[in-house]
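Please keep the sequence and the 3D view at hand while reading the points below.

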Amino acid sequence: MENSYVEKRDDGYWIASSRVSLDSIVYGFWSGQTAESIKQDFPVLTLEEVYGAIAYYLAHRHEIDGYLQSRHHDYESRRQAARDADPAFYQKITEAKRKLETARF
């Protein structure tokens, strides 16, 4: 009997019957986290579901990598549009970050 750990819904990939995105699991996997440490980050998931999600990613790597690249491109486009819409706001944020960094050292 095959268990489906990942489902496609709302234009994204999700761990079945949860609100955890496959993106979250894949990014943890890419960063070198073990399935056990990924599970600690998402206590609503079982270790079996985390391993199942990783196995799904590995079996569908080309498709999921393309999906993640498309989402990243969409994110960057929206981010730039927000910066273009209110450059003064983002300048204030940049200045505040700079002050925090210099205050730490």
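## Helix packing and a loop

Helix 3 and helix 4 pack with their axes 5 Å apart, at an angle of about 95°. Angles of 65 to 115 degrees count as roughly perpendicular, so helix 3 is roughly perpendicular to helix 4. The model is a predicted one.

**Helix 3 with helix 4**

- On the helix 3 side, the contact is made by Tyr56, Tyr57, Leu58 and Ala59.
- On the helix 4 side, Arg61, Ile64 and Asp65 take part.
- By class, the residues of this contact are five nonpolar, two charged and no polar.

**Helix 1 with helix 3**

- Helix 1 covers residues 22-30 and helix 3 covers residues 47-59.
- The axes of helix 1 and helix 3 come within 10 Å and cross at roughly 85°.
- Helix 1 and helix 3 are therefore roughly perpendicular to each other.
- The contact of helix 1 with helix 3 has 11 nonpolar residues, with no polar and no charged ones.

**Surroundings of helix 1**

- Leu22, Asp23, Ile25, Val26 and Gly28 are the buried residues of helix 1.
- These buried residues pack against two strands, strand 1 (6-9) and strand 2 (12-15).
- They also pack against helix 2 (35-41), helix 3 and helix 4 (61-85).

**The loop between strand 2 and helix 1: Ser17**

- Ser17 is found in the loop between strand 2 and helix 1.
- Ser17 has 76% relative accessibility and so counts as exposed, the cut-off for exposed being over 50%.
- Leaving out residues up to four places away in sequence, Ser17 touches Glu7 and Arg9.
- From C-alpha to C-alpha, Ser17 and Tyr5 are 8.7 Å apart in space, and they are 12 residues apart in sequence.

**The loop between strand 2 and helix 1: Ser18**

- Ser18 is also found in the loop between strand 2 and helix 1.
- Ser18 has 13% relative accessibility and therefore counts as buried, the cut-off for buried being under 20%.
- The side chain of Ser18 reaches the backbone nitrogen of Val20 at 3.1 Å.
- Leaving out residues up to four places away in sequence, Ser18 touches Arg9 and Leu45.

Technical notes: Residues are numbered from 1 along each chain as its sequence is written. This is a predicted model: local features need pLDDT of at least 70, side-chain atom pairs count only at pLDDT 80 or more; totals for chains, interfaces and linings use all residues. Side-chain values use heavy atoms; hydrogens and water are left out. Axes are lines fitted to C-alpha atoms, for helices over the stretch in contact, and angles run from 0 to 180 degrees between N-to-C directions. Helices (H or I, at least four residues) and strands (E, at least two) are DSSP runs, numbered from the N terminus. Angles under 35 degrees count as roughly parallel, over 145 as roughly antiparallel, 65 to 115 as roughly perpendicular and the rest as oblique. Ala, Val, Leu, Ile, Met, Phe, Trp, Tyr, Cys and Pro count as nonpolar, Asp, Glu, Lys and Arg as charged, and the others, Gly among them, as polar. Buried means under 20% relative accessible area, exposed over 50%, partly exposed in between (1.4 Å probe, protein chains only). Contact means heavy atoms within 4.5 Å. A polar contact is a pair of N or O atoms within 3.5 Å; within protein, one must be able to donate a hydrogen and the other to accept it, and residues adjacent in sequence count only if both atoms are side-chain atoms.
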